[in-house]
Amino acid sequence: MIVLSDEPGMGKSTTFRHFALKLKEKFPNFWILYIDLKLYFEIHEQFKDFSEWNFESLTEIFSKMFNFDKFEVEVFKELLVTKKVIFLIDGVDEISPNYKE
């Protein structure tokens, strides 16, 4: 896990997006998911109890976030099982003050 932390406006999101592109170049067979939590706050609220997360709930969460079709859901599941998904999660500090620490 890599945590990128700084004050607002210092370029964390831009750095994350650039990092996503570099990861895709280096790992072309991986699915790189850049997730800006500010854009998915409603979905986050539905699934914020992390203790209940499992394979199926992860699939459901990301299927809703990215509007996966049936084929994409199956590819996503296969890549999760084979550990070929890289999640870049941005905006944790912005969705709730409780997550800053």
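This is a conversation about a predicted model of one protein chain.

Biologist: What should I know about the model before asking about residues?

Modeller: Local features need pLDDT of at least 70 and side-chain atom pairs count only at pLDDT 80 or more, while totals for chains, interfaces and linings use all residues. Residues are numbered from 1 along each chain as its sequence is written, and side-chain values use heavy atoms, with hydrogens and water left out.

Biologist: How many helices and strands does the protein chain have, and what makes a run count as one?

Modeller: The protein chain has five helices and two strands. Helices (H or I, at least four residues) and strands (E, at least two) are DSSP runs, numbered from the N terminus. Along the sequence the pattern reads α-β-α-α-α-β-α.

Biologist: Why is Val92 called partly exposed?

Modeller: Buried means under 20% relative accessible area, exposed over 50%, and partly exposed in between (1.4 Å probe, protein chains only). Val92 has a relative accessible area of 32%, so Val92 is partly exposed. Val92 is in helix H5, residues 92–95.

Biologist: Which residues form a nonpolar patch on the surface with Val92, and what makes a patch?

Modeller: Phe87 and Ile89 form the patch with Val92, with about 210 Å² of accessible area together. Patches are made of residues with over 30% relative accessible area and no salt bridge; like charges are joined within 9 Å, and nonpolar side chains (Val, Leu, Ile, Met, Phe, Trp, Tyr) within 5 Å. A salt bridge is a side-chain nitrogen of Lys or Arg within 4 Å of a carboxyl oxygen of Asp or Glu. Accessible areas come from the Shrake-Rupley method with a 1.4 Å probe; for residues, only the protein chains shown count as cover.

Biologist: What makes a nonpolar core, and which residues touch the most other members of the largest one?

Modeller: A nonpolar core is a set of buried Ala, Val, Leu, Ile, Met, Phe, Trp, Tyr and Cys residues joined through side-chain atoms within 4.5 Å. The largest has 13 residues, of which Trp31, Leu33, Ile35, Phe62, Phe68, Phe76 and Val85 touch the most other members. Strand S1 (31–36), helix H3 (55–66) and helix H4 (70–81) each give two or more residues to this core. H4 gives the most, with four residues.
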